[in-house]
Amino acid sequence: MENDNTQDQVLENEAKQMEEVENAPQTDNLSEETDTKKKGGIFSKKNNKDKERIQELEAQIEKMKEEKAELNDRFLRLFSEFDNYKKRVNREKLEMLSTASEKVIVSLLPIIDDFERAIAANEKVEDIAAIKEGFNIIYNKLVQMLKRFDVEEIVAKGEVFDTNFHEAVTQFPTDKEEDKGKVIDVTEKGYKIKEKVIRYAKVVVAQ
């Protein structure tokens with residue numbers, strides 16, 4: 001009787017142990033699932049970061065393309081404006097030269113008229129003084145016209161010889177020490193426009 005009780009108790013214990021095993025949590029499977037989720041989470045985050053970085057780089061490239069196109073457009077416009085500016089300046093220079101020449105010629109025409117009238121009048125005039133006076137009037141008129149265009153005679157006689165304004169055609173010996181190196185005669189007058197020499201004065205220099 002005692003043996004039967006013992007066997008029943010053993011069977012009951014085994015049944016309980018089997019039930020406990022069946023009801024026990026499957027730690028291995030849970031561990032694997034957890035590891036998989038962790039790994040999946042890490043890769044997912046890395047992939048998201050890579051995608052974000054790629055998107056940023058693509059946005060930067062697109063921005064750089066737009067900036068390049070804008071700079072290229074600005075360059076083309078500036079180049080076109082500069083080319084137009086050069087053409088306009090060259091055209092204005094040509095117009096200025098032609099206009100300046102025209103002004104000089106127009107200013108000379110009245111003086112030519114005076115010469116023609118003087119020549120015609122001199123055929124009948126016997127008074128030399130009147131002829132001289134007429135020529136002086138025309139000459140002074142011509143000098144005044146040149147001054148309007150900033151043309152001035154280069155002062156030479158009595159001045160120290162200066163290669164910037166004078167051209168020595170010959171040298172002449174002198175006994176006066178103070179005259180040496182100075183212009184003692186002018187064979188052809190020199191002229192300048194403002195500070196620019198347009199014709200050097202041909203002079204004789206004392207030596």
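Modeller: Asp114, Arg117 and Lys141 are linked in a network of salt bridges. A salt bridge here is a side-chain nitrogen of Lys or Arg within 4 Å of a carboxyl oxygen of Asp or Glu. One thing to keep in mind is that this is a predicted model, where local features need pLDDT of at least 70, side-chain atom pairs count only at pLDDT 80 or more, and totals for chains, interfaces and linings use all residues. Residues are numbered from 1 along each chain as its sequence is written, and side-chain values use heavy atoms, with hydrogens and water left out.

Biologist: OK, and how far apart are the closest N and O atoms of Asp114 and Arg117?
Modeller: They are 2.6 Å apart in that salt bridge. The two residues are 3 apart in helix 2, so about one helical turn separates them. Helices (H or I, at least four residues) and strands (E, at least two) are DSSP runs, numbered from the N terminus.

Biologist: Is Asp114 buried or exposed?
Modeller: Asp114 counts as buried, at 16% relative accessibility, whereas Arg117 is exposed with 53%. Buried means under 20% relative accessible area, exposed means over 50%, and partly exposed is in between (1.4 Å probe, protein chains only).

Biologist: How many salt bridges does the structure hold?
Modeller: It holds 9. One of them joins the side chains of Arg77 and Asp73, at 3.1 Å from N to O. Both of those residues lie in helix 2, 4 residues apart, which is about one turn of the helix. Arg77 is partly exposed at 44%, and Asp73 is partly exposed at 39%.

Biologist: What about Lys202, which residue does it form a salt bridge with?
Modeller: Lys202 pairs with Glu188, and their closest N and O atoms are 3.9 Å apart. Lys202 lies in strand 6 and Glu188 in strand 3 (residues 183-188), so the pair ties together parts that are 14 residues apart in sequence. Lys202 is partly exposed, at 29% relative accessibility, and Glu188 is partly exposed with a relative accessible area of 29%.

Biologist: Let's zoom out. How many helices and strands are in the chain?
Modeller: There are 3 helices and 6 strands. From the N terminus on, the order is α-α-α-β-β-β-β-β-β. Of the 207 residues in the chain, 10% are buried.

Biologist: And what's the average pLDDT?
Modeller: The chain averages 82, and 78% of the residues score at least 70. pLDDT is the predictor's confidence in each residue, from 0 to 100.

Biologist: Which element has the lowest mean pLDDT?
Modeller: Helix 1 (residues 2-23) does, with 59, while strand 6 (residues 201-206) has the highest, 96.

Biologist: New topic: surface patches. Which residues form the negative one?
Modeller: Glu62, Glu66, Glu67 and Glu70 form it. Patches are made of residues with over 30% relative accessible area and no salt bridge; like charges are joined within 9 Å, and nonpolar side chains (Val, Leu, Ile, Met, Phe, Trp, Tyr) within 5 Å. Lys and Arg count as positive and Asp and Glu as negative, with His and the chain ends not counted. Glu62 lies in helix 2 (residues 27-122) and is partly exposed, with a relative accessible area of 42%.

Biologist: And which residues make the nonpolar patch?
Modeller: Ile105, Val106, Leu109 and Ile112 make that one, about 340 Å² of surface. Accessible areas come from the Shrake-Rupley method with a 1.4 Å probe, and for residues only the protein chains shown count as cover. Val106 is in helix 2, and at 47% relative accessibility Val106 counts as partly exposed.

Biologist: Last one, the loops. What is phi of Lys194 near?
Modeller: It is near 55 degrees, a positive value in a residue other than glycine. Lys194 sits in the loop between strand 4 (191-193) and strand 5 (196-199), and counts as exposed at 55% relative accessibility. Asp150 has a positive phi too, near 60 degrees. You'll find Asp150 in the loop between helix 3 and strand 1 (151-153), partly exposed with a relative accessible area of 35%.

Notes:
Charge placed at Lys NZ, Arg CZ, Asp CG, Glu CD.
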